Each structure stands twice: as C-alpha cells, then as structure tokens.
Amino acid sequence: MDREQPWTSLPPSLTPLLMPHLAEVTQELLDAVREDVPVYARPLEGLFGDGIRQGVDVALTRFLHLPGTHQPALQDEDRRVYEGLGRGEVREGRPMDALFAAYRSGARTTLRSLSRVAMEAGFEASVLIGLAESVFAYIEELSAASAEGYAAEQSERAGERDRLLDTVAEMLIRGNADEESVRAAVHAAGWILPERVVVVTLPADRRMGLRSRLGRRALLTSRPGDVVAVVPEPASPTARQELGRVLAGRAAVVGPGRPWQAAPDSLRLAVMARELLAHDPDGEGPLWVSERLAELVLLGERTVVEDLGAQRLAPLERLRPAQQERLVATLLSWLKHHGQRAAMAAELVIHEQTVGYRVNQLREIFGEALNDPQARFELELVLRARAL
C-alpha cells in the first residue's frame, strides 16, 4: 500500500489563502535560485528562461492545490514538464547537480514565504510542520521526474550517436558514398575522420569489451557472424603494439593501411587473408596483412598460379613422384640462393656434390628456361606458392 502523502493532512483552506501570493512567491523563488545556483544566474530569456519560469509556475500552482487532497504530487502533464527540465540539463551540457540545487533552493524559499503567510493567518505549528513536510516531499517528486528525463535524454542521445557512428562505419567500408556525404555524417556523429585507416575483422563471439578497449576513435559495425572495426592507422610502433594487445586472442585480421576513401580495399584484403593465410586465432596478436602481402599475392589467385605451375613444371611430369619432389626442392633452393651450392647444401641437408648432380639434372630437363630471367621468376613464384 502506498504511503499517504503529508499534504493529505493539511487544511484545504490553505489553498485559497496562499493562491493570491503565487506571483510574489514565484519571483522570490527565482531571485533565490539565481543567487544560490551560479549557472542559473544569467537573465531568464529565450527558451532557457521560458523553461525555468514554466517549471516554477507549474510547480507552485500544482502544489497549492494539493492541501487536503489524496492526489499524487504530479499528474502526467506536470511530470512531462519536469522530465523536460531534466532533458534540458543534458542539452545544456550540465550534470543534474545544478538542477537539484535549484530545487533545494526553491523549496527553502517557498517554505519560508508560505509559512509566513500561514503564520500571519493564525495557523498552528502543526500545520506549519505539515507544510514543511509537504514542500520537501513534493520537491523529491519533482527531482525524481527530472532525473528520469535526464536519464532518458542521455540514453536516447547515446543510442542516436551509436546509430550515426554505425552509419559512418557502413559508409566507409562500403565506399559507395561521396566525400561530402561522408564528412556530413562524420560531423553529425561527432567523430573525427582520420586521414588513413585500417579495417579489422574478427568473429562476432570475440567482440566482448572491444568497443571500450578500442576507444572513441574506432568505429564498430557488424556483418553476419563477424564484427568489423574501422580504426585510425597506427602512427607509431607504440600505437601498433597497443592495437595488437587490444586484438590479442580475438582471431582478428588487420587489413593494410589505406586512405579512408579506400577503406573497402583494406577490408577486402583482411577478409582474403583470413580465408587464405594460416594464423593462430588464439595467438598473442592479430594477423597483420601488411606483414604477409607476398603470401597473399601468391595465394590470392590460386587457380592462376596452378595454371602457371602446370606450364612451367611440365618437364618434370615424366619423372617418378619421388624424383619430382627432390628436384622441385632443389630447384626452389637454387632459385632462392642464386645457385650458391654451399647455401643449398645446408638448406637441403645434402652434400655439395649431390647439389651439383641435381642441378645438372635440372639443366638437362629445363634447358634454356633456367637462363631466362622471366622463366626463373615464374618458376620461383610457382614453387613458393606450392610451399605455402
């Protein structure tokens, strides 16, 4: 059962006694608030002044009609006024402290003014005590309504900003918006557009805590099963290490740095690397595409490399598989070490004479192709891709 409000026990005759003093009490209250709460000391002009005056007028009028009734402190319409005052504090960029201080100041002034009138009319001390209890109970209701409005405005603004940031992220990684539209969306979201970005992709189940760890400079959006982050390109080794620590253990792939206009390319390469390159998802850091570009080139067009391999390695087809395997390893080592037998012998773990024997075999099989720079380049490309 709800607790009975203190104004229920007040004599209804207080209302007609106090109402003629409404304008006087309103002015006293406004003067006191401007003196007690510095942020409200400015002239009560424009929307700010209208809001404060309306709040005071509604509060006092409503309060003066409560004595002797069982009515709640605020009706729905009244509550909206005080929720609006709370929302206004968010828009003004102030914490709730100032408004609560104004309510307390207003309560003291109201109680002092109304008690004076009641005393002059001959009401007993019990009525004055009930009046004091009623004023402060009423102010608690006003404060609660304003706090609700303040929280609602903050929540809506946070939700709206998140929506705008999601829009910016989508515009960047899709790359289908003109620069003017992107910059307008960035401004509306209150974000700072970096000159260069890296795009990160990771599984959705590794997202926990990522937004707070990346900070306000990063944008996050979602894909089916994945999370995509647009992050300013690390400008120093320290910044790169910090991003690596944030992404450690998240199976993340970091696309190469690009101007923000080319963010879709960073994402494309990150997705390609995730699909093609070996990587420990639970390792100490993410997969940095910029560190493995050569592998990505070799694996990116697998069928093309296989076609090239079929052409260049065709002379080996007449050999047994074991012979092919030995000569392929020898050929790659020969290409890597520019024919230096000592280095080849150490890598292949065979004698230098055996290296010489195998190289002679290769020259017999491939002929002039081994003297052709283009052929050697294509052979090395094919063999390195096969090794991967």
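Trainee: Which side chain does the side chain of Ser 146 join in a polar contact, and at what distance?

Mentor: Keep in mind that this is a predicted model. Ser 146 sits in helix H6, residues 125–174. Leaving aside neighbours within four places in sequence, its contacts include Tyr 82, Glu 83, Met 96 and Tyr 103. The polar contact runs between side chains, and the partner is Tyr 103, at 2.6 Å.

Trainee: Is Ser 146 buried or exposed?

Mentor: Buried means under 20% relative accessible area. Ser 146 comes in at 0%, so it's buried.

Trainee: And Met 208, buried or exposed?

Mentor: Met 208 lies in the loop between strand E1 (196–203) and helix H8 (210–214). Across the chain, its C-alpha atom is separated by 9.4 Å from that of Arg 250, 42 residues apart in sequence. The cut-off for exposed is over 50%. Met 208 has a relative accessible area of 73%, so call it exposed.

Trainee: How do H13 and H16 count by angle: parallel, antiparallel, perpendicular or oblique?

Mentor: H13 (residues 321–336) and H16 (residues 373–387) pack at about 120 degrees, with axes 10 Å apart. Roughly perpendicular covers 65 to 115 degrees, and roughly antiparallel means over 145. That angle therefore makes H13 oblique to H16.

Trainee: How many residues in the contact of H13 with H16 are nonpolar, polar and charged?

Mentor: On the H13 side you'll find Val 328, Trp 334 and Lys 336 among others, while H16 brings in residues including Arg 376, Leu 379 and Glu 380. The crossing itself is left-handed. Sorted by type, the contact residues come to seven nonpolar, no polar and four charged.

Terms used
Residues are numbered from 1 along each chain as its sequence is written. This is a predicted model: local features need pLDDT of at least 70, side-chain atom pairs count only at pLDDT 80 or more; totals for chains, interfaces and linings use all residues. Side-chain values use heavy atoms; hydrogens and water are left out. Axes are lines fitted to C-alpha atoms, for helices over the stretch in contact, and angles run from 0 to 180 degrees between N-to-C directions. Helices (H or I, at least four residues) and strands (E, at least two) are DSSP runs, numbered from the N terminus. Angles under 35 degrees count as roughly parallel, over 145 as roughly antiparallel, 65 to 115 as roughly perpendicular and the rest as oblique. A crossing is left-handed if the near helix is turned anticlockwise from the far one by less than a right angle, and right-handed if clockwise. Contact means heavy atoms within 4.5 Å. Ala, Val, Leu, Ile, Met, Phe, Trp, Tyr, Cys and Pro count as nonpolar, Asp, Glu, Lys and Arg as charged, and the others, Gly among them, as polar. Buried means under 20% relative accessible area, exposed over 50%, partly exposed in between (1.4 Å probe, protein chains only). A polar contact is a pair of N or O atoms within 3.5 Å; within protein, one must be able to donate a hydrogen and the other to accept it, and residues adjacent in sequence count only if both atoms are side-chain atoms.
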